[in-house]
Amino acid sequence: RISDHVPFTVHISHSSLHGGGLLEVLSWNIMSRGLYRPPPGGGGCPQSNNGLDLDETIGAYEERLGTVVGPRLGAWIGERAAGGRLWLACMQEAPSHPGQLSDLLEAIAASAGMPTGGL
């Protein structure tokens with residue numbers, strides 16, 4: 001359970017683009033921290049911000065980012081960077097906390113085989 005959204009890629013070609021005229025774009029809503037609250041008193045509707053009804057602690061959210069999301073994005077980026085291809089990765093619902101965002105970017109860079117700050 002990584003996200004309640006599926007990543008997708010788009011290939012954009014244009015003669016003015018470097019590297020054969022192709023830009024590979026990955027767009028993925030990586031899902032913010034999952035919050036779920038059962039209905040009060042057992043009746044009514046639950047409150048959830050995600051389609052998985054996932055309720056994550058801050059630690060579980062950070063672990064998902066660092067051990068699942070970061071490595072998957074990093075693998076995609078690393079494959080393209082190693083081949084000299086143009087790429088763009090868009091992450092929706094990326095962490096808004098600066099520390100969590102920098103940790104995620106570090107995990108992505110490490111998985112892509114790039115120096116920290118090299119994204």
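This report looks at the nonpolar core and the salt bridges of the structure above.

## About the model

This is a predicted model, where local features need pLDDT of at least 70, side-chain atom pairs count only at pLDDT 80 or more, and totals for chains, interfaces and linings use all residues. Residues are numbered from 1 along each chain as its sequence is written, and side-chain values use heavy atoms, leaving out hydrogens and water.

## The nonpolar core

Nonpolar side chains in soluble globular proteins tend to be buried together. A nonpolar core here means buried Ala, Val, Leu, Ile, Met, Phe, Trp, Tyr and Cys residues joined through side-chain atoms within 4.5 Å. The largest one has 13 residues, and Trp28, Ile30, Leu65, Val69, Leu73 and Leu104 touch the most other members. (Helices, H or I, at least four residues, and strands, E, at least two, are DSSP runs numbered from the N terminus.)

## Salt bridges

What counts as a salt bridge? It's a side-chain nitrogen of Lys or Arg within 4 Å of a carboxyl oxygen of Asp or Glu. The whole structure has six.

One of them joins Arg80 and Glu24 (3.0 Å, N to O). Arg80 sits in helix H1 and Glu24 in strand S2, so the pair ties together parts 56 residues apart in sequence. Arg80 is buried, at 9% relative accessible area, and Glu24 is buried too, at 7%; buried means under 20%, exposed over 50%, partly exposed in between (1.4 Å probe, protein chains only). Glu24, Glu79, Arg80 and Arg85 are linked in a salt-bridge network.
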